[in-house]
Amino acid sequence: MLQGTAAIGTTLWLGGESQSRAADSPNEKINIACIGIGGRGGANVGGCSGQNIVALCDVDERRGARSFTKFPKAKRFVDFRRMLTEMENQIDAVVVSTPDHTHFHPSMMAMGMGKHLYCEKPMAHSVWEIREMTNKAKEMKVATQLGVQRHTLTNMHRSVELIKAGAIGKVSEVHCWVGGDRGMPKIPTDKPEVPKTLNWDLWVGPAKDLGYHPSICPYGWRFWWDYGTGETGNWGCHILDIPFWALDLKYPDTVEGSGPEQHELTTPKQMATKMTFKDQGVDLHWYHSKSGPAILKEKGISGKGINTVFVGSEGILATGFGSRKLYPEEKFSDYKAPSQTIKKSPGFYNEWFTAIRGGEAATCDFAYSGPLSQTVLLGNVGYRAGEKFGWNADSLEVSGSNKAASMIRTEYRPGWEV
């Protein structure tokens, strides 16, 4: 089971002349390798199960057991580098569903080999990593898709159409939020042994080794800055997808954030950020808030079933993944919805398969989802910096905050440098 852990060079291979063999016809199955196959990764393996699953990789034998058992003919690996090296000529595409801090290295190696890529949100662990992945996808001309599966929801389509049709006039503000108060986990004081089924060193990968603890691995990593990106990274791409799509947003010009006192190691239980898009004349607000943003009470809007409020010159649209409503209610009581212009998705994974076969790009390919993911992580930078800063998207440069500037790129531990 635990093959692939023998010594292999850790220098990341980012380029080359190898190209993926795309399926020659619409009926030919695509050869797919999956990295990270437990939890969300297991769902992604299932989403690709109609194709040829030729290789499976996971650092945790127990977490990967279900997928390993389901696809007994797939070759098993623990180290993604060995998998990609040994299987290079047998793989068309790669799915990366590991924790945030280990998205970048396997994704860049796969795309550098010309392999098509499906990656879970929020694409990577830092703004710089996301930009590098976006550029690599364009350079290598590979088909990509970010795991923003709610992009296919009917209610999102109809909401986007309302905004683009000018139902509420010129939009100047958007307020988006995720509820709950997950974050700031307790710092463990005990030091349990690493399970025999887990290769902890490979799980840590390029990040700082804080020591194994079950409150970190397999899931709690999400709320530790060295491994995850908090609830903002967890939900931001799903929710901010709505205004990004509706308003054709790309990169903010300024970012600022606030919240509870910061912890050096763990993500917050709540936070608020404001990002200004000067070209569109829009202020985009993002909140992690158990009670929702103040605008709900100010405008008399029910927060049930929604996560986004568009404020326009002619009215308000409150929407979410499953429901939407225009305000003032009396003004829009007889409103006739615009014609449907967004076609129904053939399925989120099918979009990617079609792109791999030479069809149109997937709806959340990196050309679209790269800027979205970068903005999500800039929200975290705004909270952690605790001060307003300017953002030059072309050069990835921060102005007005040395602290924010230090958070744009991740430092890697020895052996994982790029």
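Buried here means under 20% relative accessible area, exposed means over 50%, and partly exposed is in between (1.4 Å probe, protein chains only). Helices (H or I, at least four residues) and strands (E, at least two) are DSSP runs, numbered from the N terminus. Keep in mind that this is a predicted model, where local features need pLDDT of at least 70, side-chain atom pairs count only at pLDDT 80 or more, and totals for chains, interfaces and linings use all residues. Residues are numbered from 1 along each chain as its sequence is written, and side-chain values use heavy atoms, with hydrogens and water left out.

Among the buried residues of H6 are Met156, His157, Arg158 and Leu162. What do the buried residues of H6 pack against? Their partners are helix H8 (230–247) and the strands S7 (171–178), S11 (308–312), S12 (315–319) and S13 (324–327). After H6 comes glycine 166, with a positive phi near 80 degrees.

Now hop back to helix H2 (residues 61–70), where Gly64, Ser67 and Phe68 are buried. Looking down the axis of H2, these buried residues fall within an arc of 105 degrees (taken from the directions from the helix axis to the C-beta atoms), so they line one face of the helix. The face turned away from that side carries the exposed Arg62, Arg66, Thr69 and Lys70.

Last stop: asparagine 380, in helix H11 (residues 366–385). At 5% relative accessibility, asparagine 380 counts as buried.

Note on methods:
Contact means heavy atoms within 4.5 Å.
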